[in-house]
Amino acid sequence: MLAFHSFLADRIVNTEAVALSPTIGWLLLTCAIVFGLLMISYREQWRRLWLRLEDPRTIGIFRFLFAIAILLNVNGLWEHFHYLFTDEGIFFTDTAREVLAKKQFAGFGDVRAGEPAGFFDTQAMWNFFKGNKLSPLFFWDSPTAFWTYLIIFEAVTLAFALGFRARVTGVLSFFMWHGLCARNPLFMEGTDAVYSCMFFYLLFAKSGHAYSIDNWLRCRKLRRKGLLQTGEQVAKPDGQETAKQALQPIYRLIPAWPRLLMMLQVATIYLFTGSAKTGHVWMRGDSLYYALNMDHFYRVPPQLLSQVFGTNVFRVMTWTVHVWQISFFLVIVGLILRWAHRQKFAPTTLGQRVLRRSLWVVLGLLALAVAEVAWPVHYPAKASLPLVHVQWIFGVAWVALMAVVGWGLYRLRNRPFNVTLAGRRYTLDLDWFCSWVLGRRVFLTLGLLFHGHIMALMNIGMFAPIMMLTYVVFLNGHEVGLIVQRLGRGLNRLAGRNVVDTTFVWAQHPSAPGLARDRAQVPGWVLVVTLGCLAGAVATKVLGPKTWTSPLLWLGGGTLVAGAVVAAIRARRQAPLATDSLPWAYGPLGRFVANTLIIYHITAVAVWTLPVKDCLSTFRTQAAKPFRGWLVHTHTAQSWNMFSPNPPRSNTFLRVLVHDTDGEVYDLNTDVYAPEQRPIPWIFNDRMRKMNRRITGRRHGKNSWYLKWHARYHCREWALQNGGEAPKKVEIVKMNYRIPTPEQVKTRGYYIPEIQLAKFGKQRVIHTAECATAPEAQLPNWMRERYGLPLLPEGAEKPWIKHRHKKWERKQKRLAKRRAQQRESK
Amino acid sequence: MHTQLILGIAPLIETSLENPGVRVIDFAAFGVLALVWVFVGLLLLFVRSLLRDDNNLQRGL
């Protein structure tokens with residue numbers, strides 16, 4: 001919070017934008033209400049989409065690949081395990097508690113300060129468990145403890161990959177992975193946030209139902225009893241026939257909603273990052289050039305390539321990627337439109353059609369209103385065209401676009417276009433439009449091209465692989481089954497014999513008995529009342545009377561729960577849906593819980609990812625408050641500001657200089673300015689490069705807080721490597737040089753980074769640690785004992801004492817006093 | 001040439017080929033780029049063959 005306030009203090013606030021913020025806030029709230037009403041009007045489609053069952057093979061293959069990628073991602077840190085996660089690394093155990101999880105450890109004693117060991121009382125312990133950094137490495141982090149933790153993590157994650165007790169091993173792996181991240185997030189980057197979000201959704205999927213040891217063991221057991229579908233039953237499934245024989249399928253259907261959440265997450269990443277790229281370098285199309293020319297990341301020198309392509313091909317690629325990122329969500333629109341079209345829902349009444357169309361129009365106009373209101377504070381003062389003209393042009397274009405979308409959808413659905421090309425007649429209907437214009441073949445192929453280039457030319461670790469891996473969730477299980485079958489055939493051809501059985505196995509038939517087919521449905525009016533109560537609660541919270549807020553929330557929640565209970569009880573008396581109808585993922589209670597979770601989570605991510613801008617500043621933080629706990633604890637709090645608003649345009653390095661007691665200065669060659677840190681081609685990622693960027697980076701006008709701890713670590717590490725003798729001081733030097741512009745490189749030829757750094761590089765000391773006096777810069781006696789080094793005399797160690805016990809007692813007294821006052825006032 | 005040296009910019013390609021200082025590795029990025037396109041091409045051929053042989057691949061959700 002302190003950092004946030006200093007951030008506000010450091011930057012210039014656009015007061016005009018702040019003044020617009022409440023108006024934009026109300027407009028956005030109205031948009032949300034209208035969208036909610038729209039979804040209520042589509043409630044049958046909504047629940048059919050989210051709460052259906054599907055083939056488990058996509059999630060099965062994704063689980064395997066994802067868990068392997070998690071292992072690769074963690075093991076990619078192997079050179080820095082000691083530095084990051086042990087008590088001999090950058091943070092001592094208690095320092096890690098203080099700087100990384102201060103609130104959680106407010107009631108935890110530091111024995112070095114003579115405080116009682118462990119938590120002071122049960123309140124202190126509860127305080128710890130309330131937080132989201134629940135890592136055992138905050139308690140046990142000696143090298144032995146860490147390696148034990150890592151081995152267990154690897155074993156559990158491997159078991160998850162293979163689908164052994166997938167539910168349990170998945171949850172364990174998730175928490176252990178976050179245990180590592182919590183102990184030291186210095187290494188974390190956008191890549192890890194992708195893993196974090198996708199892992200959370202994967203936990204909800206029944207990922208062990210396909211391509212797993214769990215399913216293999218289950219099938220083996222059933223086969224022995226003669227209860228497993230085989231031969232014809234698998235190749236040409238008939239739900240009723242196999243049910244008569246009481247046979248079980250190889251692939252049981254699983255709930256589809258976790259996969260859909262994953263797809264939305266991928267679209268969110270791209271939409272967020274694309275929208276945040278508002279800088280002039282992106283507009284000029286030079287981002288790829290600068291990204292490729294960052295010395296920390298390229299695999300082979302890109303300077304000559306940049307000279308040839310920097311001002312032409314790279315620009316086209318940059319603009320293409322930018323547009324593709326912003327419009328990526330269209331692939332989901334396409335998938336849902338096509339799905340709904342193929343489902344052939346019951347025809348709508350005229351009233352329903354009018355209501356839906358009206359709501360769509362209102363939503364479109366509200367979105368236009370947000371843009372028009374925000375234009376003045378986003379428009380450059382020196383622009384040649386007057387603002388009012390731009391607003392008119394935009395407004396007319398927007399309305400025209402709405403009309404084209406409405407007309408186009410109507411034509412594609414009801415009166416498809418017919419085109420004759422080279423004598424062949426093509427029907428351009430909604431199915432065609434969703435497959436070709438909004439199709440996966442367009443957006444995922446572009447994504448593979450983009451990430452493929454990044455992966456081949458730049459070494460940014462596991463980012464490109466995880467993004468390409470997420471594309472698997474855009475295929476359904478049947479498609480994955482076909483691809484696996486095709487790969488099996490290829491393998492057989494290569495081997496010259498049948499190595500694998502390539503019979504296509506159908507998943508469980510939807511008409512199979514035992515699946516949920518009840519008619520329970522929360523009535524539309526209940527949903528409208530709930531939405532109205534929630535909107536009212538927000539309005540009263542802002543405008544008052546605030547005493548109404550809580551009752552409105554209770555009324556909304558109570559109405560929803562009561563509506564769901566009544567619907568479930570009624571459904572018991574109703575005949576189930578016909579066996580040829582698609583089954584539900586769960587019974588009424590499961591559907592209610594899952595649907596509430598889905599809506600809450602989508603709302604939470606949508607609010608959380610609102611841009612951090614002045615024109616949203618008066619409500620953004622308050623609006624995110626009800627969701628903060630959920631997102632932080634589930635590790636799905638997210639921000640995707642990658643290379644935005646502009647990519648860096650200089651190469652920055654971190655240099656560590658050690659001054660020993662004889663006055664000799666040693667350069668530890670810690671970054672790629674040193675030839676030994678610059679292998680070409682650069683194959684395996686080293687996260688030190690990213691960490692160096694973070695340590696030397698400045699945020700809100702201040703140096704990174706990691707800086708001093710990094711310098712102190714080097715004081716200790718030098719002593720450890722030199723028989724216990726500490727150096728005099730450690731200096732952290734920031735070196736940097738500007739990357740020549742694409743035009744300079746085009747006209748003058750490509751540059752050699754080493755020459756550029758030597759001739760034009762700047763360097764300055766950004767931190768100095770005096771090893772004898774800086775807190776925790778001395779190799780402590782407990783470590784000296786561990787390595788058999790001479791001990792320091794008493795008083796030579798300068799531990800960082802936080803006086804938590806005193807602070808805790810003071811706080812408890814304060815709270816007790818306040819409680820007493822409250823009792824008296826009552 | 002004088003300006004180029006001051007700026008730390010290497011000679012233009014035409015002259016750099018005669019320059020003993022030119023590095024073969026500077027050309028490697030072109031090879032990497034070509035490999036990406038070959039890989040993507042093969043991938044697209046695979047997907048195309050799947051689409052052609054089995055319409056079931058276009059099932060979407």
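Helices α10(A) and α24(A) are roughly parallel to each other, where roughly parallel means an angle under 35 degrees, roughly antiparallel over 145, roughly perpendicular 65 to 115, and oblique the rest. The structure is a predicted model, in which local features need pLDDT of at least 70 and side-chain atom pairs count only at pLDDT 80 or more, while totals for chains, interfaces and linings use all residues; side-chain values use heavy atoms, without hydrogens and water. Residues are numbered from 1 along each chain as its sequence is written, and chains are lettered from A and ligands numbered from 1 in the order in which they are written.

Two packed helices are described by the angle between their axes and the distance between the axes. For α10 (residues 190-204) and α24 (residues 463-470) of chain A, the angle is about 30° and the axes are 9 Å apart. Axes are lines fitted to C-alpha atoms, for helices over the stretch in contact, and angles run from 0 to 180 degrees between N-to-C directions. Helices (H or I, at least four residues) and strands (E, at least two) are DSSP runs, numbered from the N terminus. The crossing of α10(A) and α24(A) is left-handed; this term applies if the near helix is turned anticlockwise from the far one by less than a right angle, and right-handed applies if clockwise. In α10(A), A:T191, A:V194, A:Y195 and A:M198 are in contact (heavy atoms within 4.5 Å) with A:F463, A:I466, A:M467 and A:T470 of α24(A). The residues of this contact divide into 6 nonpolar, 2 polar and no charged. Ala, Val, Leu, Ile, Met, Phe, Trp, Tyr, Cys and Pro count as nonpolar, Asp, Glu, Lys and Arg as charged, and the others, Gly among them, as polar.

Helix α10(A) also packs against α14 (residues 257-276) of chain A, at an angle of about 165° and with axes 8 Å apart. The contact involves residues of α10(A) including A:V194, A:C197 and A:M198, and residues of α14(A) including A:W257, A:P258 and A:L261. Of the residues in the contact of α10(A) with α14(A), 12 are nonpolar, 1 is polar and none is charged. These two helices are roughly antiparallel, and their crossing is right-handed.

Helix α6 (residues 93-100) of chain A is mostly covered, with 7 of its 8 residues buried. Buried means under 20% relative accessible area, exposed over 50%, and partly exposed in between (1.4 Å probe, protein chains only). Among the elements covering the buried residues of α6(A) are β2 (108-109) and α9 (166-183) of chain A.

A:S21 lies in helix α2 (residues 15-41) of chain A and is buried, with a relative accessible area of 0%. Its side chain makes a polar contact of 2.5 Å with the side chain of A:T618. A polar contact is a pair of N or O atoms within 3.5 Å; within protein, one must be able to donate a hydrogen and the other to accept it, and residues adjacent in sequence count only if both atoms are side-chain atoms. The side chain of A:S21 also reaches the backbone nitrogen of A:S617 at 3.3 Å.

Most residues other than glycine have a negative phi, and most peptide bonds are trans. The bond from A:G544 to A:P545 is cis, with omega near -5°. A cis peptide bond also joins A:S644 and A:P645, with omega about -5°. Phi is positive, near 55°, in A:F643, which is partly exposed at 29% relative accessible area.
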